[in-house]
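Please keep the sequence and the structure in view while reading.

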Amino acid sequence: MEEYGKETQSRESKRRERQAALESSDTDNGLCGWIIVVLSVLLMLATLPLSIWTCIKIVKEYERAIIFRLGRIVRGGAKGPGLFFILPCTDSFINVDMRTITFDIPPQEVLTKDSVTVSVDGVVYYRVQNATLAVANITNADAATRLLAQTTLRNVLGTKNLAEILSDRNEIAHSMQSTLDDATDDWGIKVERVEIKDVKLPQQLQRAMAAEAEASREARAKVIAAEGEVNASRALKEASLVIAESPSGLQLRYLQTLNTIAAEKNSTIIFPLPMDMMQAFMKRD
């Protein structure tokens, strides 16, 4: 946690340094720039109160305005929300949306570490953290973040096995978030969340995995049936020992069997034949 805090502070300090370098003071415009600014102020004063409608601008709560004066970013950074003031002819501004933006990562055909081709898609949540850097350091922050997310998804999944992709989605999403956040820090972008939506396998691989799972279930079923047979044989052995100790118990069991057969098949007639008689006939032979 301490290392993470130090890393965050280091990022913030570097971001402030980059922003300070971009924000130029009025003295950077030079003598010619100062003259043009003074003329712009005089023009505004001469056309009051009509010029006030072109000099006062409004920024919404979720927006920030980056003001450019003679092509340079005005000191003070982004303006807003609310009212702000610009000079006619010399100032221009760009509105930046600070709300969280979401986009889907198109399905990417990825070759995993164990040479399996899978199709993976996801979703990314990000927002503009520093409007100045998002305007000055990159042409289109949204398009760049989308392309970078696709490339990062391919790079991260290319180092994983198929089993890891199917079971460790949260870890993969966290790794992608960290990578994207580091890469987009210079653009003033904060990647808040990355989610893996779906992992599509080839049809042949799906059939092979289904056959493997079915064979595994059949093997477990056979093992369970064999264990049941073993337990049943042990129970029968114990029952035979109990009956051998009490001959009357065998007769009771015999009568119970007759009762069961008579309840199911009334047309069946059973004549009991003692085993002693059979042994006598066998001795004569």
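**Contacts, surface and nonpolar cores**

Among contacts (heavy atoms within 4.5 Å) in the protein chain between residues at least 6 apart in sequence, 69% join residues at least 24 apart. The model is predicted, with local features requiring pLDDT of at least 70 and side-chain atom pairs pLDDT 80 or more, while totals for chains, interfaces and linings use all residues. Residues are numbered from 1 along each chain as its sequence is written, and side-chain values use heavy atoms, without hydrogens or water.

The protein chain contains ten helices and nine strands; these are DSSP runs numbered from the N terminus, helices being H or I of at least four residues and strands E of at least two. Of its 285 residues, 27% are buried, that is, under 20% relative accessible area with a 1.4 Å probe, protein chains only. The accessible surface, by the Shrake-Rupley method with a 1.4 Å probe, amounts to about 19300 Å², and 58% of it belongs to carbon and sulfur atoms.

A nonpolar core is a set of buried Ala, Val, Leu, Ile, Met, Phe, Trp, Tyr and Cys residues joined through side-chain atoms within 4.5 Å. In the largest one, which has 34 residues, V118 and V124 touch the most other members. Elements giving two or more residues to this core include strand 7 (101–111), strand 8 (117–128) and helix 5 (141–157). Helix 5 supplies the largest share, six residues. Beyond residues up to four places away in sequence, V118 touches several residues, among them Q108, L162, I165 and V199. A second, separate core of six residues includes A65, I67, V74 and F84.

Conventions:
Buried means under 20% relative accessible area, exposed over 50%, partly exposed in between (1.4 Å probe, protein chains only).
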